[in-house]
Amino acid sequence: MEKKKIGRHVLAGLPGLTVDDHTRQLIQEWHIAGVVLFARNFKDAAQFQALTTELQLIAQAAGYTQPLLIALDQENGVIRRINRDASLFPGAMTIAATGEPANAYRMYRASALELRALGVNWNLAPDADVNTNPANPVIGVRSFGADPHRVAAYVQQAVRGIQSAGVLATLKHFPGHGDTSVDSHLGLPVVDKSLAELLATELVPFRAASKKSASIMLAHILLPQLGNDRLPASLSPIVIQDVLRRQLGYRGVIVTDDLEMQGVQSVMAPPQPLTRPCTPGQTWS
C-alpha cells in the first residue's frame, strides 16, 4: 500500500521503443500515475500505438480503475516529440502572428486529435510563459509573445482546443519562465520579482486559463522575493500553496518540470528508489 501511495505521484520515462522491465515493475507494484514519452520512444505510428496500448494493458492487468496517464510534450513548432507520421504544426509565436486566437484552438485541437489516436491522453502544453526577456535561451518562440493579455487570449484557446479532443492540457512553466536568461535544463534561473510584479505580467495567462486547464507544470526557477532563497518554484510551499492554490485558487493537478534538470538537481536530487536515467516527474493532486 505504501508503494502505491508514493507511486500515484510519479510520472516515469521509458528508455526505448518498448516497455522495459523496470517500467513494468513501476506500473505493477508502485501503481505510478503515468509515463512521459519522448522522441526516443517513437519510431513510427504503428510502433507507438503498440507501445501505448501495451502500457494500458499492463495497467489494466495491475488493477488500475482509470487509464494510465500517457504524457508527452507536443507544443509544436520547435518542441515536438513526434516528428513523423503526424502533422507538423507551427509553434505558439507563429500562431500568435496570425492575430487570431481562434487559430490556437484549431491547431491545438487538430494536434490533440492525432495524439489521442496514438494513445496519448496528456499533452504537456501549451506554453503560458510571457517572453519578456530577449536573452531568454529556452522559451523564445515557444511563447505566444511578450504581452501578458495577448498571451492569455491564445493560451485559453489552446487549452480549450487540446481538451476538446479528449486530451488533458498543461499550462507551463508556472509561475513564469519568460523573464529568465538561464536555461533551467542547465542551471537555476532567478526571477527577482515581487508577487505584485508577477501578478501584473507572468501570472496573467495562468490566472486566465487555470480554471479550465487539467494541470499546471511548475518551473525550476528561484523567486527570492517570495520569501524563499533556496528552493525552486517546483519545490516551494510558498509558490505551490500560497501563490498557486490560494492566490490563484487553482484546484487541479500540479506536475513538476523534469526532475533530472539541473535547475532542481542543483538543490535536491530525485528521491530513491524510483530514480533511473529516464526522466521522472512528480505530480501533486
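Let me start with a term: a residue counts as buried when its relative accessible area is under 20%, as exposed when that area is over 50%, and as partly exposed in between. Arg 207, at 42% relative accessibility, therefore counts as partly exposed. The model on the screen is a predicted one, and that applies to everything I say today.

Staying with Arg 207, this residue sits in helix α8. If we set aside its neighbours within four places in sequence, Arg 207 is in contact with Leu 199, Gln 247 and Leu 248. One distance for orientation: the C-alpha atoms of Arg 207 and Pro 232 are 20 Å from each other, and the two residues are 25 residues apart along the chain.

Ser 213 belongs to the loop between α8, residues 203-209, and β8. Ser 215 is in strand β8 itself, which covers residues 215-218. Are these serines buried or exposed? Ser 215 has 2% relative accessibility, and the limit for buried is under 20%, so Ser 215 is buried. Ser 213 is at 5%, so this residue is buried by that rule too.

Ser 213 touches Val 159, Gln 163, Ala 169, Thr 170, Leu 171 and Tyr 250. For Ser 215 the list is Trp 122, Ala 169, Thr 170, Leu 171, Tyr 250 and Val 253.

Next, the backbone. Most residues other than glycine have a negative phi, and most peptide bonds are trans. A few places in this model depart from that.

Which peptide bond has omega near 15 degrees? That is the bond from Ala 125 to Pro 126, and it is cis. Pro 126 is in the loop that runs between β6, residues 122-123, and α6, residues 148-164. Another cis bond leads from Phe 174 to Pro 175, with omega near 0 degrees. Pro 175 is in the loop between β7, residues 170-174, and α7, residues 195-200.

As for phi, Asn 76 is not a glycine, yet has a positive value of about 80 degrees. Asn 76 is part of strand β4, residues 74-76. With a relative accessibility of 3%, Asn 76 is buried. Asp 85, also not a glycine, has a positive phi of about 60 degrees. Asp 85 lies in the loop between β5, residues 79-80, and α4, residues 92-97. Its relative accessible area is 46%, so Asp 85 is partly exposed.

Rolling a probe the size of a water molecule over the atoms shows where empty space is left. How many cavities of 30 Å³ or more are there? The count is three. The largest cavity holds about 50 Å³. Its lining consists of Gln 74, Asn 76, Ile 82, Ala 86, Ser 87, Phe 89, Ser 111, Glu 114, Leu 115 and Leu 118. Two or more of these residues come from each of β4 and α5, the latter being residues 102-117. Helix α5 has the largest share of the lining, with three residues. By class, the lining has five nonpolar residues, four polar and one charged.

Around the second largest pocket are Arg 8, His 31, Ile 32, Ala 33, Gly 63, Tyr 64, Thr 65, Gln 66, Pro 67 and Leu 69. Five of the lining residues of this pocket are nonpolar, four are polar and one is charged.

Last, a pair of helices. At what angle do α2 and α3 pack? Helix α2, residues 21-30, and helix α3, residues 45-61, pack at about 35 degrees, and their axes are 8 Å apart. Their crossing is right-handed. On the α2 side the contact is made by Thr 23, Arg 24, Ile 27 and Gln 28, and on the α3 side by Glu 54, Leu 55, Ile 58 and Ala 59. Taken together, the residues of this contact are four nonpolar, two polar and two charged.

That is the end of my part.

How values were computed
Residues numbered from 1 in each chain as written. Predicted model: local features only at pLDDT ≥ 70, side-chain atom pairs only at ≥ 80, totals over all residues. Heavy atoms only, no water. 1 Å grid on protein atoms, 1.4 Å probe; cavity = no way out; pocket = protein on both sides within 12 Å on 5 of 7 lines; lining within 4 Å. Nonpolar A, V, L, I, M, F, W, Y, C, P; charged D, E, K, R; others polar. Axes fitted to C-alpha atoms, helices over the stretch in contact; angles between N-to-C directions. Helix = DSSP H or I, 4+ residues; strand = E, 2+ residues; numbered from the N terminus. Left-handed = near helix turned anticlockwise from the far one by under 90°. Contact = heavy atoms within 4.5 Å. Buried < 20%, exposed > 50% of the residue type's maximum accessible area, 1.4 Å probe, protein only. Points joined across faces, edges and corners; volume = space filled by probe spheres on them.
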